[in-house]
Amino acid sequence: LQPLVHVLERGDSLIIFPEGTRGYAEDPGPFKAGLYNLATKFPHAVLVPAWIDNIQRVLPKGEVVPVPILCSVTFGAPIRLEEGEDRRHFLDRARDAVIALRDA
Amino acid sequence: MNSFLRSLSPTQQVALLFFVIFGLLTILSVAAFLMTFREESQVKNFRKLLRTSWVMVAVFWIAWAAGTTFAQILFALISFFALREFITLSPTRRGDHRSLVLAFFVVLPIQFWLVATRHFDLFTVFIPVYVFLAVPVASALGGDTKRFLERNAKLQWGIMVCIYGLSHVPALLLLGSPFLVFFLVFVVQTCMVVQHLLTRHLNRKPSIPAVSSSFNWYSWLLGMILGSFVGGLLSFITPFRPGQALALAFIACVAGSMGHLVMKALKRDRGVTAWGHGDRSVTGAGGLLDRVDSLCFAAPIFFHSVRWYFGQ
């Protein structure tokens, strides 16, 4: 995570895909711990959930040629790590916040 | 007047036509601008319509000035962006990816290339025969059977409307008369605009409220009559006699307005009001398909009526 920590220390923003990989399912995979670790290290960083619609259709995993489908990004209200919140609980909550934006 | 027009070369005739249309648009725009000093809300929609007309005429002028090849490319691009909007709003699954690649990067270029190279016999059957049978094969090879028929129907319909329909517009350019495209677009657009304005003013009850909140048979009929009449008046720029021009304009108007209605039903089914505009925040689409959907239906019908009747 060191490069990410450097970026945040400089006061810049980051775009993270916390699931860490692309899958075949319609929902994003379970979030990896990186998001939690960054959130504990930088409690004042604002975590904005975002859903990229149609991105799976443009280039599914394993395909080579992208299809020119229009994508759109929906941003949600910021979430934050609660006092003493469990790691798994926080990661699931973050994932739910992202998925909730799909139907917004 | 008529003999003067006939004494001009075809190029001069087209130039004169554009001169007249640009002049009319200028007058209308100035009038609309002056009217804004009085009442804002009434004129707003009209000015939007005028802006669309300006863009359309300018595009056609550029297409004509730059030659047939450019027109082919132009309509291929319009077709590409229209299909993009259509596919964006029609949910497809992973297994459809290959078919989608096929539609965008193989079928579309080949279809417009067939038009440009005047392979008329092949270009009329390429999509309905070869592509429509190939698309389900590509999907089946994708190995996903969930909602198989529905997904294929959507894809085929998108190809039918956005590629096959629109490719018939530049095909008209090659039928011999440089004015046929203009004739078709002008007649259909007149019919649609008249219908739009009448609906706004008459406040009639919608005839098919489940599909369209504005469509009613009365305004439709008046739009038909006026569109066909304008077609009859424009017969001097076409190879047709006035009666024939009137009949062909009528066919084009029926196809165009009904096509518009079909696309409205599709939009309702998808739960959006417009392919782009009203829903811009969700899809990011530009609403191009809203502008050309009536042409998508009118062009093939018009093209084949002309070819069939005149045996070209």
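Predicted model: local features only at pLDDT ≥ 70, side-chain atom pairs only at ≥ 80, totals over all residues.
Across all chains of the whole structure, a search finds 11 salt bridges.

Let us start with chain A. Four helices and two strands make up its elements, and their order from the N terminus is α-α-β-α-β-α. The C-alpha trace of chain A spans about 40 × 25 × 20 Å along its principal axes. Chain A has 104 residues, and 35% of them count as buried. If we take the contacts in chain A between residues at least 6 apart in sequence, 62% join residues at least 24 apart.

What does the surface of chain A look like?

Next comes the meeting of the two chains. Here 17 residues of chain A are in contact with 21 residues of chain B. The size of an interface is often given as the accessible area lost when the parts come together. Between chain B and chain A, the buried area is about 1,500 Å², and carbon and sulfur atoms give 56% of it. Three residues stand out on the chain B side: Thr88(B), Arg94(B) and His97(B) supply 39% of the area that chain B buries against chain A, more than any other three residues.

How many salt bridges are counted between chain B and chain A? The count is one. Glu63(A) and Arg98(B) form a salt bridge between the chains.

| Salt bridge | Closest N and O atoms |
|---|---|
| Glu63(A) with Arg98(B) | 3.0 Å |
| Glu85(A) with Arg93(A) | 2.9 Å |
| Arg151(B) with Asp144(B) | 3.9 Å |
| Arg147(B) with Glu150(B) | 3.7 Å |

The surroundings of these pairs are worth a look too. In the chain A pair, Glu85(A) is buried, at 11% relative accessible area, while Arg93(A) is partly exposed, at 27%. In chain B, both Arg151(B) and Asp144(B) are buried.

Finally, salt bridges can join up. Arg151(B) and Asp144(B) belong to a network of salt bridges that also links Arg93(B) and Asp96(B).

How values were computed. Residues numbered from 1 in each chain as written. Chains lettered and ligands numbered in written order. Heavy atoms only, no water. Buried < 20%, exposed > 50% of the residue type's maximum accessible area, 1.4 Å probe, protein only. Contact = heavy atoms within 4.5 Å. Buried area = accessible area lost by both parts, 1.4 Å probe. Salt bridge = Lys/Arg side-chain N within 4 Å of Asp/Glu carboxyl O.
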